[in-house]
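Colleague: Hi! Could you walk me through this one? I'd like to start with how the chains meet.

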Amino acid sequence: MTALLQVDGVGKRFGGFVALEGIALEVEEGERLGLIGPNGSGKSTLVNCICGTLRNELGEVRFAGQRLDGLPAHERTRRGLARSFQLPRPFGSLSLAENLRIPILYAVNARGQAISGGAIDGRCRAILGEVGLAAKADRLPRDLTQIEMRKLELARAMAAEPKLLIADEVMAGLSHAEVDEIIALLIRLNGQGVTVIMIEHIMRAVMEFSQRLAVLVAGRKIADGEPAEVVRDPEVVRAYLGE
Amino acid sequence: MASLADRQAQPGWGALPFTLGLVLVAALIFSIGRWIDNSYVFFAGYVVAQYIVLGTAWNILGGYTGYVNFGITAFFAIGAYSTVVLYKLVPAVPLPVMIAVGGVLAGLVGFGTGYLTLRLRGVFFSIATLAMAVVVQTLITNWDFVGGARGAYVLRPRTAPLIGGEYVQYLFLVMLGLCVLALVTARSIERSALGYGFAAIRDDEAAAEASGVPTLRLKLIATALSGGFMGMAGAPLPYYVTYLDPSSGFSLNYAVNAIAMPLIGGTSSWLGPVIGAVVVGGLQEYIRVTISSAVNVLVAGVLLVVFVIAAPQGIVGLFQRKR
Amino acid sequence: MDVSLDLLFNAVISGLLLGGFYAAVSLGVAISFGLLDIVNIAHPAFILLGSYVAFTANTVLGIDPILACLIAMPAFYLLGMLAYQVYYIAFERRDDQSLRGLSFFFGLLFITEVTLVLIFGVDYRLVQAAYIGPSLKLGIVELPLRLLVPFLVSMVMVVTLQLFLSRTFVGRAVQAVAQDQGALRLMAANPVKIKRIAFGISIATASLAGAFLIIIQPVEPSIGRDYIGRVFAICVLGGLGSFPGMVIAAMTLGIAESLTATFFGPSWAPAVSFGVLLLTLAVRPSGILGR
């Protein structure tokens, strides 16, 4: 059986700066992968290449056995690849519930499910409830705190009903209890069959969540494996602590 | 798209009652005009109705998706000059057919311009439309068949078909019909998946893509629709003015009014351009009659600047409680 | 054959000279759009304002148009600072540049045009100066002074500004604003203040460009619009923010228009800039010297 996501030899340059080089990564269906690395190591660039926000010049990305390269981002979302943005990008003129309506209308319904009228609203509110934003469903994003914005990002990605969810630093700034909540939520999603890639700086969360851990440093993957072993890897330790 | 459209249960009237209501209002306005029985009423009414169509057309792209089209005169003139061409080739063609032809042509041009420039940042699209107005004007100025720089004369029939009376009454009625069509379209968009997609594009295009919105396709739909309605608004113009030359057909007044009216009325709903057209159009007509026609063209420009600075949500926004 | 070769040669030369003038016209937009990311589509209106300053000073006081506009530059600088202040408070700070900010400049363009019509009417106006009329003849090449003088002054202006941007603290800060506003704050410079100065400079260049315009051709209030497409075509083609690229693009467009006017008729010339603009946007949006 082939992996759900296959990243093979992906490279990306910005001018003369090499952001990613020869990245290979496989994620099995139903897996929980943690992706870590220092700031500027290329984590978000990799997410952008996988999701189609950026175009990778080299290598290829396959999802559920099909090549994604050249497909626009919206087509990838429709095929079941959803992501949250590291810096929240809410739809500012739409209420929270309406923010979630967009992926339901354009990603879920495009798969031929055609959820109708009132059912959409109910579903938006249910998902908002799962991230603890039910009370603010009719408010505008500008009324939210930064932390709530991150939860909204996650909720909007969930609303697309993805097969693979990429959570890009959704926990930054959250309290201890809130981190636990989000971990529980992601594990629950995973239990329902959603494959999850978690990009995170909070090591406690990564270690608790991940079944496997990959490490990016300066645009290259330097480790990939059992979390407990990876964090003991001398190369990883050196990258994090400096030489 | 069709499978997605119109699935929302929104509060308020459905599309059919709304359409019937608008038709009723239009019929009422027209009957009042007939009752007053003064051709000035029809000439002035035509102008306001034309601006409702133009403003609504601009708003479908500008207000809903956030892409600013400055090339209004290009689309408007394409509609007007397609009528001139049809008039010269087959004068028997009824006006509504000419309007349809003008609308389709302008819509295609909108689609083409959008296809070339909508992948880039929004400002490039705006600049391209500005330049396009100059180019379409150059083309028309050099096209002898439609009169070139000298302009073209169009004979306005003496009486109106179907309804009798002066022909301008028919022109007004047709333009009222276009208003109904434009407003029903705009309102249906607002309440459909398309409208949500447009709003997502306006707010954050990358996030819209990531949520599954095919942004390029939606922007092209908006540009084509917007351009098409502008062309339709321009198609009856030759019969209204009876003499059309490039400098009047491409007058910057049309562009400024079409942009100013939605921004003054409010860009977030179909009602904004209507309010803007009635308020600004009415004010302009009043100033033209009482002060001078030179000052009246300043009004839209000054109001536009004042409103975008001081009341970004427009008149509609002033009466709406903030959420 | 000889005659058409002459024609071709002279068309290229006058196109080159015209291009120098286009560089002066585009310089302001190269600063505001290229460096500050402010899409000032009203720039041609400020240029026209410069033309009418030259016209008034020339007809009423008999002053040389270029001198008059040099004297007026500080006033244009202040006008530019004022315009930026309004733009900053009403749009940039609210992050509403794209829809309302653009419309704001469009409104300014229209108001300026209509006001000029109200004051000066729609007749073509021109100025008197010793260099309008005679030509310099070098063999088969004819150099009309009314093109040559603006060309030379324009090149001086471009070089001066390039030096200002690369050699002075404020100039370097302006360039920094284009790259990274956060870094600028670390240099203890206020980005808003720097942008205000830069925008003031961009409008000041419009004063001189306006003098050139009315030297080269008679002016009426609506011709400013013809320059919008041209100016942005030049800036985009030249690669945003690059002065050398902008000058090359201006000359290229000048020659292309001059050739079009010579061989197809002057009424076709305005279409050239649009063609160039669309082609650039469709094929190479980063411009000829872009990265």
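**Chain contacts and a sheet**

Modeller: Happy to! In this predicted model, 36 residues of chain B are in contact with 36 residues of chain C.

Colleague: Which helices of chain B each supply at least two residues of that side?

Modeller: They are α4 (95–117), α5 (122–141), α12 (252–265) and α14 (293–310) of chain B. The largest share, 14 residues, comes from α5(B).

Colleague: And what is that side of chain B like by class?

Modeller: The side of chain B that touches chain C has 27 nonpolar residues and 9 polar ones, with no charged residues.

Colleague: OK, how many residues of chain B are in contact with chain A?

Modeller: There, 24 residues of chain B are in contact with 30 residues of chain A. Helices α7 (193–203) and α8 (205–210) of chain B each supply at least two residues of that side, and α7(B) gives the most, with 7 residues. By class, this side of chain B has 12 nonpolar, 6 polar and 6 charged residues.

Colleague: Changing topic: what is the strand order in the open sheet of chain A?

Modeller: The order is β2-β1-β4-β5 (chain A), and the pairing is antiparallel. The edge strands, β2 (17–27) and β5 (66–67) of chain A, each pair on one side only.

Colleague: How many bridges join β1 to β2 in chain A?

Modeller: Strand β1 (residues 5–14) of chain A is joined to β2(A) by 7 bridges. A:R13 stands opposite A:V18 in β2(A).

Colleague: Which helix packs on the sheet?

Modeller: That's α1 (residues 43–51) of chain A, touching β1, β2 and β4 (58–63) of chain A. The direction of α1 makes about 65 degrees with that of β2(A).

Note on methods
Residues are numbered from 1 along each chain as its sequence is written. Chains are lettered from A and ligands numbered from 1 in the order in which they are written. This is a predicted model: local features need pLDDT of at least 70, side-chain atom pairs count only at pLDDT 80 or more; totals for chains, interfaces and linings use all residues. Two residues are in contact if their C-beta atoms, placed from the backbone, lie within 7 Å. Helices (H or I, at least four residues) and strands (E, at least two) are DSSP runs, numbered from the N terminus. Ala, Val, Leu, Ile, Met, Phe, Trp, Tyr, Cys and Pro count as nonpolar, Asp, Glu, Lys and Arg as charged, and the others, Gly among them, as polar. Two strands pair if DSSP finds at least two bridges between them. Axes are lines fitted to C-alpha atoms, for helices over the stretch in contact, and angles run from 0 to 180 degrees between N-to-C directions.
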